[in-house]
Amino acid sequence: MNDSAAREEICRVGRSLFERGYAHVMVGNISVRLSDESGGGFLIRPLFGQ
């Protein structure tokens, strides 16, 4: 999964959790580990309102 696709997936999962009432829009942590081919590292959804 490339960087752009991972960002989209983080948004999709966050939206899904919110719409189903599992998470408030301002809380939670969603992260993706990028493959070495994609540059490695992690993408982490920032926490807002803190």
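Q: What is the relative accessible area of Asp 3?
A: This is a predicted model, in which local features need pLDDT of at least 70 and side-chain atom pairs count only at pLDDT 80 or more, while totals for chains, interfaces and linings use all residues. Residues are numbered from 1 along each chain as its sequence is written, and side-chain values use heavy atoms, with hydrogens and water left out. Residues count as buried under 20% relative accessible area, as exposed over 50%, and as partly exposed in between (1.4 Å probe, protein chains only). Asp 3 is partly exposed, as its relative accessible area is 31%.

Q: Which side chain meets that of Asp 3 in a salt bridge?
A: A salt bridge requires a side-chain nitrogen of Lys or Arg within 4 Å of a carboxyl oxygen of Asp or Glu. The N to O distance is 2.7 Å, and the partner is Arg 7.

Q: Which residue forms a salt bridge with Arg 12?
A: Side chains of opposite charge can pair when their charged atoms come close. The N to O distance is 2.7 Å, and the partner is Glu 9.

Q: How many salt bridges does a search of the whole structure find?
A: One joins Arg 7 and Asp 3. Another joins Arg 12 and Glu 9. For the whole structure, the number found is two.

Q: Which residue caps the N-terminal end of H1?
A: Helices (H or I, at least four residues) and strands (E, at least two) are DSSP runs, numbered from the N terminus. H1 covers residues 3-19. A side-chain oxygen of the capping residue lies 3.2 Å from the backbone nitrogen of Ser 4, and that residue is Asn 2.

Q: Is Ile 30 buried or exposed, and at what relative accessible area?
A: Ile 30 is found in the loop between H1 and strand S1 (31-33). Beyond four places away in sequence, its contacts (heavy atoms within 4.5 Å) include Ile 10, Val 13, Leu 17 and Leu 43. Ile 30 counts as buried because its relative accessible area is 15%.

Q: What share of the 50 residues in the protein is buried?
A: The protein has one helix and two strands, in the order α-β-β from the N terminus. Ile 30 is one of the buried residues. In the protein, the buried share is 16%.

Notes
Expected span 1.5 Å × (residues − 1). Polar contact = N/O pair within 3.5 Å; in protein donor to acceptor, adjacent residues only side chain to side chain.
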